[in-house]
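Notebook open, model loaded. I want to go through the fold piece by piece and jot down what I look up.

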Amino acid sequence: MGSEEIALDGYLDEEIVPGDHGASARFRLIVSPTDERADEMVMPCSVDDLAVAAAVLGDLEPGDQLRVTGHIRLPRTPDEPMWLAVTSLELLQPVPQPDGTGAVPAALERYGPYVTYVDAATEHVPVWTETGIWVGVADNPIGVDDVIDAFERSTPTGDS
């Protein structure tokens with residue numbers, strides 16, 4: 001291996017790809033180490049350990065917050081990807097589960113330096129900066145990015 005292990009915290013992305021007979025898995029981890037949008041990255045990960053692969057494939061859901069430990073694999077040619085070869089993972093926080101009505105309970109969610117309040121009782125999603133500056137209201141969760149983009153365009157420095 002030759003490289004030192006690193007640990008990353010992030011959220012399990014939607015796509016989980018099983019390998020041969022469930023003995024391996026590939027997934028993406030959304031990492032935002034500083035809560036700055038410019039520092040966010042999507043880290044491709046692979047697991048070859050049977051027990052860890054089983055956890056990824058059977059026990060975890062997209063949106064779960066994880067801590068993964070492993071070795072960075074750098075590309076050797078321009079057409080190879082960079083990825084993290086995961087040796088262990090820990091579930092830090094499960095994704096909020098729907099209540100009996102099928103709705104997800106109310107929750108605060110972060111988008112880098114922005115905070116939203118998602119409530120199953122309404123489609124509207126209020127958005128503000130982590131420092132408390134009002135940004136606006138999205139008509140639905142899908143519109144949050146548009147509200148943030150409009151706010152950043154209207155702010156002279158693009159900074160909150």
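I began at the start of α1, where a side-chain oxygen of D49 comes to within 3.1 Å of the backbone nitrogen of A51.

**Ground rules**

I note that this is a predicted model, so local features need pLDDT of at least 70 and side-chain atom pairs count only at pLDDT 80 or more, while totals for chains, interfaces and linings use all residues. My numbering runs from 1 along each chain as its sequence is written, and side-chain values use heavy atoms, with hydrogens and water left out.

**Overall layout**

I looked up the elements and found two helices and nine strands. Helices (H or I, at least four residues) and strands (E, at least two) are DSSP runs, numbered from the N terminus. Reading from the N terminus, I get β-β-β-α-β-β-β-β-β-β-α.

The chain has 160 residues, and 29% of them count as buried. Here buried means under 20% relative accessible area, exposed over 50%, and partly exposed in between (1.4 Å probe, protein chains only). Of the contacts with a separation of 6 or more, 43% come from residues 24 or more positions apart; contact means heavy atoms within 4.5 Å.

**The barrel**

In what order do the five strands close into a barrel? I read β1-β2-β3-β5-β4, with mixed pairing. I count two strands as paired if DSSP finds at least two bridges between them. From one strand to the next, the twist averages 50°.

I checked the pairing of β1 (residues 6–18) with β4 (residues 65–73): antiparallel, over six bridges. Within it, L8 stands opposite V68 and A7 stands opposite T69.

On to β1 and β2, which run antiparallel and are joined by five bridges. P18 has A25 in β2 as its bridge partner. The two strands form a hairpin with six residues between them, and in the turn H21 shows a positive phi of about 55°.

I then looked at how α1 (residues 50–59) sits. The buried residues of α1 are V52, A53, A55 and V56. Seen down the helix axis, they fall within an arc of 155°, so they line one face of α1; the arc is that of the directions from the helix axis to the C-beta atoms. These buried residues pack against β1, β2, β3 and β5. On the face of α1 turned away from its buried side I found the exposed residues L50, A51, G58 and D59.

**The open sheet**

Next I followed the other sheet, which is open and has four strands in the order β6-β7-β8-β9, with antiparallel pairing. Why is one side of β6 and of β9 left without a neighbour in the sheet? I see β6 (107–111) and β9 (134–138) at the edges, each with a single partner strand, so one side of each has no neighbour there. Neighbouring strands of this sheet are turned by 25° against each other on average, direction ignored.

I looked at β7 and β8 (residues 125–129) and found three bridges joining them, antiparallel. T116 has V127 in β8 as its bridge partner. Helix α2 packs on this sheet, touching β6, β7, β8 and β9, and its direction makes about 145° with that of β9. For such angles, axes are lines fitted to C-alpha atoms, for helices over the stretch in contact, and values run from 0 to 180 degrees between N-to-C directions.

I also checked Y117, which is in strand β7. At 34% relative accessibility, Y117 counts as partly exposed. Y117 and V137 are 20 residues apart in sequence, and their C-alpha atoms are 9.8 Å apart.

**The aromatic pair**

How many aromatic pairs does the structure hold? I found one. The ring centres of Y114 and F151 are 6.1 Å apart and the planes are at 90°, so I log the pair as edge-to-face. My cut-offs: rings of Phe, Tyr and Trp (its six-membered ring) pair if their centres lie within 6.5 Å, and planes under 30 degrees apart count as stacked, over 60 as edge-to-face and the rest as tilted.

Y114 lies in β7 (residues 114–118) and F151 in α2 (residues 144–154), so the pair ties together parts that are 37 residues apart in sequence. Buried or exposed? Y114 counts as buried at 2% relative accessibility, and F151 counts as buried at 12%.

Definitions and conventions: A polar contact is a pair of N or O atoms within 3.5 Å; within protein, one must be able to donate a hydrogen and the other to accept it, and residues adjacent in sequence count only if both atoms are side-chain atoms.
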